Amino acid sequence: MGVTKTEIFTEQQNRIADLAKAFSHPARVAILQLLISRKACVCGDLVDELELAQATVSQHLKELKRIGIIQGEINPPRVCYCINPVVWSESKQTFGSLLDTFAHTESCCN
């Protein structure tokens with residue numbers, strides 16, 4: 001496996017890439033949509049709702065939690081997850097700012 005060389009990029013660039021990773025797989029998008037639609041912590045029924053293997057859901061939850069966009073509480077046998085509102089706001093602001101840096105005028109590539 002190659003080296004990612006993340007150290008050559010700024011902390012902000014690495015964070016934007018991390019936040020983008022939360023939205024870069026349809027299973028993670030589906031998990032986020034499910035958590036948002038429930039407006040509460042979701043415990044255990046994600047596998048049934050998404051019709052994905054437990055291992056697949058667990059891997060995506062692990063990545064979303066690593067990024068910080070979801071938060072979870074582990075009280076075996078229950079594991080509950082919900083959107084982390086602080087990181088959700090950070091994502092909204094970060095992507096808005098990034099997308100706003102391009103002032104669309106004429107395209108140089110016709």
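Reader: Let's start with Gly68: what is Gly68 in contact with, leaving aside its neighbours within four places in sequence?
Author: Asn84 and Val87, once those neighbours are left aside; contact means heavy atoms within 4.5 Å. This is a predicted model, where local features need pLDDT of at least 70, side-chain atom pairs count only at pLDDT 80 or more, and totals for chains, interfaces and linings use all residues. Residues are numbered from 1 along each chain as its sequence is written, and side-chain values use heavy atoms, with hydrogens and water left out.

Reader: Ok, and is Gly68 buried or exposed?
Author: Gly68 counts as buried because its relative accessibility is 15% (buried is under 20% relative accessible area, exposed over 50%, partly exposed in between, with a 1.4 Å probe and protein chains only).

Reader: Switching to Ile70, where is that?
Author: Ile70 is in strand E2, and with a relative accessible area of 2% it is buried.

Reader: What about Arg28, which side chains does it make polar contacts with?
Author: The Arg28 side chain has one with the side chain of Ser24 at 3.1 Å, and another with the side chain of His60, also 3.1 Å. A polar contact is a pair of N or O atoms within 3.5 Å; within protein, one must be able to donate a hydrogen and the other to accept it, and residues adjacent in sequence count only if both atoms are side-chain atoms.

Methods:
Helix = DSSP H or I, 4+ residues; strand = E, 2+ residues; numbered from the N terminus.
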